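Please look over the sequence and the model shown here before reading on.

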Amino acid sequence: MVTAELERDFASSGAGAAHDHRFHVELLRIVTAGIEAGEVRSDYPPLFLAQMIGGTYGALVRFWRQDADYDVVGEFDRGARYVAEGIAAR
């Protein structure tokens, strides 16, 4: 559902930026909670971390949409582990 909305919004004139903002606001809420719990690193601005998470998600979605044989489960798992390692508190 998220993928379909991303595609629909970005195809619409001007809607992509608004959707992108909403997406990152929600990721920012998760990142902020993680920082407050001491689970997410705080040496980068929270919005930057949220944007990097969103960027990874967007890249994985594009790869999946472009390749019918893409191992979506395996690659999303690997992408999630990569992001988790990158944002983990040190």
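In what follows, contact means that heavy atoms lie within 4.5 Å.

## Overall fold

This is a predicted model, and its protein chain has four helices and zero strands. Read along the sequence, the elements of the protein chain follow the pattern α-α-α-α.

Of the 90 residues of the protein chain, 26% count as buried. Among contacts in the protein chain with a separation of 6 or more, 47% are accounted for by residues 24 or more positions apart.

## The pairing of α3 and α4

Two packed helices are described by the angle between their axes and the distance between the axes. Helix α3, which covers residues 46–66, packs with helix α4, residues 72–87, at an angle of about 165°, and their axes are 11 Å apart. That angle makes α3 roughly antiparallel to α4, since angles over 145 degrees count as roughly antiparallel. The crossing in which α3 passes α4 is right-handed.

On the α3 side, the residues that meet α4 are L49, I53, T56, Y57, L60, V61 and W64, and their partners in α4 are V72, E75, F76, G79, V83 and I87. Sorted by class, this contact of α3 with α4 has 10 nonpolar, two polar and one charged residues.

## The largest nonpolar core

In soluble globular proteins, nonpolar side chains tend to be buried together. Here the largest nonpolar core has eight residues, namely L27, V31, V40, L49, A50, I53, V83 and I87. Helices α2 (15–36), α3 and α4 each supply at least two residues of this core, and the largest share, three residues, comes from α3.

Leaving aside residues up to four places away in sequence, V83 touches I53 and T56.

Is H24 buried or exposed? H24, which lies in helix α2, has a relative accessibility of 11% and therefore counts as buried, the cut-off for buried being under 20%.

Which residues does H24 touch, not counting residues up to four places away in sequence? With those excluded, H24 touches A50, Q51 and G54.

How values were computed. Residues are numbered from 1 along each chain as its sequence is written. This is a predicted model: local features need pLDDT of at least 70, side-chain atom pairs count only at pLDDT 80 or more; totals for chains, interfaces and linings use all residues. Side-chain values use heavy atoms; hydrogens and water are left out. Axes are lines fitted to C-alpha atoms, for helices over the stretch in contact, and angles run from 0 to 180 degrees between N-to-C directions. Angles under 35 degrees count as roughly parallel, over 145 as roughly antiparallel, 65 to 115 as roughly perpendicular and the rest as oblique. A crossing is left-handed if the near helix is turned anticlockwise from the far one by less than a right angle, and right-handed if clockwise. Ala, Val, Leu, Ile, Met, Phe, Trp, Tyr, Cys and Pro count as nonpolar, Asp, Glu, Lys and Arg as charged, and the others, Gly among them, as polar. A nonpolar core is a set of buried Ala, Val, Leu, Ile, Met, Phe, Trp, Tyr and Cys residues joined through side-chain atoms within 4.5 Å. Buried means under 20% relative accessible area, exposed over 50%, partly exposed in between (1.4 Å probe, protein chains only).
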